[in-house]
Amino acid sequence: MSIHTVSSRDFTRDVSAAKRAAVDGPVFITDRGRPAFALLKIDDYYRMTGKLPPSLLDVMDGIAGGEHIDFDPPRLNILIQAASLD
């Protein structure tokens, strides 16, 4: 794992380069020569915090105002048959 350092000016000019560098390890973004922010892959963040990535249901539960939406999807009547390999 390597650590990259990018000035905030260079980060602003080329965010994609910082994202590519974050694949190899954290990217420190400096402000006036001092580290101010760190950019890292989301998997690395979850590993550092010991948390699991949120599920789609967790994300949807976090949407404000969605508590009173009724959702009753129709039941699908699908018949599954074994494949014929003749």
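This is a predicted model: local features need pLDDT of at least 70, side-chain atom pairs count only at pLDDT 80 or more; totals for chains, interfaces and linings use all residues.
Residues are numbered from 1 along each chain as its sequence is written, and side-chain values rest on heavy atoms, with hydrogens and water left out.

The protein chain has an average pLDDT of 90, and 99% of its residues score at least 70, where pLDDT is the predictor's confidence in each residue on a scale from 0 to 100.

Three strands form an open sheet in the order E1-E2-E3, with mixed pairing, two strands being taken as paired if DSSP finds at least two bridges between them. Strand E1 (4-7) and strand E3 (34-39) are the edge strands, each of which pairs on one side only. From one strand to the next, the twist averages 35°, with axes fitted as lines to C-alpha atoms and angles running from 0 to 180 degrees between N-to-C directions. Strands E2 and E3 run antiparallel and are joined by 5 bridges; phenylalanine 28 has alanine 38, in E3, as its bridge partner.

The structure contains 2 salt bridges, a salt bridge being a side-chain nitrogen of Lys or Arg within 4 Å of a carboxyl oxygen of Asp or Glu. In one of them, the side chains of arginine 13 and aspartate 10 meet at 4.0 Å, N to O. These two residues are separated by about one helical turn, because they lie 3 residues apart in helix H1 (residues 8-13). Arginine 13 is exposed, with a relative accessible area of 63%, while aspartate 10, at 39% relative accessibility, is partly exposed; buried denotes under 20% relative accessible area, exposed over 50%, and partly exposed the range in between (1.4 Å probe, protein chains only).

A salt bridge also links arginine 47 to aspartate 44, with the closest N and O atoms 2.3 Å apart. Both residues belong to helix H3 (residues 42-49), where arginine 47 and aspartate 44 are 3 residues, or about one turn of the helix, apart. Here arginine 47 is exposed, with a relative accessible area of 57%, whereas aspartate 44 is buried, with a relative accessible area of 12%.

Definitions and conventions. Helices (H or I, at least four residues) and strands (E, at least two) are DSSP runs, numbered from the N terminus.
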